[in-house]
Amino acid sequence: MNARLLPYMLILPVTLFLCLFFLYPFVLVAKQAFTTGAGFTLDNFREVVSYWKFPISLKNTLLLAAAVVPIQLALSLLMATMVTRMEKGRDLVLYVWTIPLGISDLAAGLIWLAIFEQSGFLNSMMHGMGIVDKPANLLTFQNPGLVFVAIALAEIWRATAIMLVILVAGIGLIPKEYYEAAEVFGASPWKRFVRITLPMLRPSLQTALVLRVIMAFEVFAVVAALGGTLFPVLMGETYAYQFDLLNSGAAAAMALVILAISIAATLVILRALRVPKGATI
Amino acid sequence: MTDATVAEAPAAPSTRSAGRFLYISGVVLLCAWVLVPIYFLLVNTLSSPDTVNSFPKPLFPEFDFGSLAFFAQFAGMLTALKNSVLTAGMTMIMSILIGAPAGYALSRFDFRGKELFRLLILLTRAFPLPLLALPLAVMFIQTGLDDTTFGLALVHTTLAIPFAVLITFSLFSGIPLELEEAAWTLGCTRLTAFTKVVLPLILPGITASAIFAFVISWNEVFAAAVLTIENRTLTAFLLQNLDTSPLHLKFAGGFILVVPALIFIFAVRKYLFAMWGIANR
């Protein structure tokens, strides 16, 4: 076969596949969102935005992301630095810490439901310690704060691993010489972390944050398992439009709203953590 | 001078051992943070339905298989499990067959449009992909792919392909071109050199990325719930029945979702970091 054509032959399947199942659906979803059968219209967006649940679900989604992502960032940085210092048992600890990476958001929601439900382990343990004498139903509309905490904990539990993996891989790419030099000049561990690890880790932090933040706007099954309708989020409303209200135009408009928020967040993160031109490891 | 060292010597080990104690307890605590919630789910799964719904909960499993038996004979559950395995299997095969050639092309050739192609791959990761299920639902009805495991597998392949391309790219890059060239001089064609020299070396890595594709599909909730109605996968089935199903069914289902993930993450743990390292760039 012609050697010049070979690479194109090899990438052809992926390109075709992504055009058909990635780019084309985007055109479709945009078309669906901007039409109602009779030409271009913004009716779908107007309908979606004016629905009483929209401000709540938008607020909930953003609030959850704002609460969860910084904690996860700090936690994954802590875990990644802990792992790099480790000599014995590194593989085992890393395996344990990355377990949630393979667990679906629905399963994670159910796992935390086992703790927070009325006859769950939190109530059982509080009962055992004599704090409560009969199980209170924790996840109700009377305890919106607790519902939020349960969902946030499940999200932190589930999705810190993906940031950890990216950051551990990133730390592994930083040359050891920088640390040795810093040590020679008497930099404390904290100084080494702030002056070497953090700046050198910028590309990894970018990737980790972009992926995580997009996942945070897609939060769905964890909320469905723990909060049900108590805690409306954007993705749950999209699902409700598609299935319960059978309004695919509105669902498409919701999808574009989520997409717009995701793109905006991605651009902010890329800008905030941009790597200076020409600077490489 | 001597005084100072004498005075300092006993203090240093005690602060160091205090730091070491803090460090080890931190690691243990974070391991417990990951493992204890999974343990609670295990306790619930291995308890009889009565115990799961009773209060207070025992902290140890009673090794009763009542919940799992209930799960197994619950109408539609085993079919859902079968659908999940089928979809994930198809996703695994398709994403490797389509993705691996592109990974090979990226690692071996410089061709025009390579950067554009990489951008397309990276772009797919920066979008909330499950949303694509909405327009595809319409497209699938037109083509007769609606409510089939194959149709869902196509969407899951879109989710898994960027990973398959990037992982195989990093794997192929790890195998020196000289090995292939040596095979060519010994009379191999490009194809036989690939099958006889490169493929055996790369097979474990390919398996790992196939397993990763399997896990992505196995865990996906939103697209599965949107695209299947009669032939629901396990995640979609559990999600649909969240409001109505009893606790022991939820927990047994969650457990069935978690087990393969535990095994698979263990199987691919070596490759997790390699693939995220390259994905940064």
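1. Helix H12 of chain A, which spans residues 234-243, is mostly covered in this predicted model. Eight of the ten residues in H12(A) are buried. They are Leu234(A), Met235(A), Gly236(A), Glu237(A), Thr238(A), Tyr239(A), Tyr241(A) and Gln242(A).

2. The cover over the buried residues of H12(A) involves both chains. From chain A it includes helix H3 (53-85), helix H10 (202-217), helix H11 (221-226) and helix H13 (248-272). From chain B it includes helix H6 (133-143) and helix H10 (222-227).

3. Chain A as a whole contains 13 helices and zero strands. Its pattern along the sequence is accordingly written as α-α-α-α-α-α-α-α-α-α-α-α-α. Along the principal axes, the C-alpha atoms of chain A fill a box of roughly 75 × 70 × 35 Å. Chain A has 281 residues, of which 42% count as buried. Among the contacts in chain A with a separation of 6 or more, 72% are made by residues 24 or more positions apart.

4. One helix pair in chain A joins helix H2 (residues 43-50) to H13(A). The two pack at an angle of about 75°, and their axes are 8 Å apart. An angle from 65 to 115 degrees counts as roughly perpendicular, and H2(A) and H13(A) are therefore roughly perpendicular to each other. On the H2(A) side the contact uses Asn44(A), Phe45(A), Glu47(A) and Val48(A). On the H13(A) side it uses Gly249(A), Ala250(A), Ala252(A), Ala253(A), Met254(A) and Val257(A). By class, this contact has seven nonpolar, two polar and one charged residues.

5. Ala150(A) is placed in helix H7 of chain A, residues 144-172. Ala150(A) counts as buried because it has 26 C-beta neighbours inside 10 Å, where 20 or more are required. Leaving aside residues up to four places away in sequence, Ala150(A) touches Trp112(A), Phe116(A), Leu139(A) and Leu226(A). One of these, Leu139(A), is eleven residues from Ala150(A) in sequence and 8.4 Å from it in space, C-alpha to C-alpha.

6. The interface between the chains brings 73 residues of chain B into contact with 78 residues of chain A. Helix H12 of chain B (residues 247-279) supplies the largest share of the chain B side, namely 17 residues. By class, the side of chain B that touches chain A has 56 nonpolar, twelve polar and five charged residues.

7. Chain B is assigned two domains: domain 1 covers residues 2-45 and domain 2 covers residues 74-279. Their centres, taken over C-alpha atoms, are separated by 38 Å. Contact between them involves five residues of domain 1 of chain B and five residues of domain 2 of chain B. The domain 1 side of this contact consists of three nonpolar, two polar and no charged residues.

8. Within chain B, helix H5 (residues 114-125) packs against helix H7 (residues 149-173). The angle is about 130°, with the axes 8 Å apart, and H5(B) and H7(B) are therefore oblique to each other. Their crossing is left-handed. H5(B) contributes Ile121(B), Thr124(B) and Arg125(B) to the contact, while H7(B) contributes Pro162(B), Val165(B) and Leu166(B). By class, these residues divide into four nonpolar, one polar and one charged.

9. Asn83(B) is found in helix H4 of chain B, residues 77-108. Not counting residues up to four places away in sequence, Asn83(B) touches Thr149(B), Asn231(B), Arg232(B) and Thr233(B). Leu30(B), by comparison, is 53 residues from Asn83(B) in sequence and 35 Å from it in space, C-alpha to C-alpha.

Notes:
Residues numbered from 1 in each chain as written. Chains lettered and ligands numbered in written order. Predicted model: local features only at pLDDT ≥ 70, side-chain atom pairs only at ≥ 80, totals over all residues. Buried ≥ 20, exposed ≤ 12 C-beta atoms within 10 Å, placed from the backbone. Helix = DSSP H or I, 4+ residues; strand = E, 2+ residues; numbered from the N terminus. Contact = placed C-beta atoms within 7 Å. Domains from an automatic or database assignment. Nonpolar A, V, L, I, M, F, W, Y, C, P; charged D, E, K, R; others polar. Axes fitted to C-alpha atoms, helices over the stretch in contact; angles between N-to-C directions. Parallel < 35°, antiparallel > 145°, perpendicular 65-115°, else oblique. Left-handed = near helix turned anticlockwise from the far one by under 90°.
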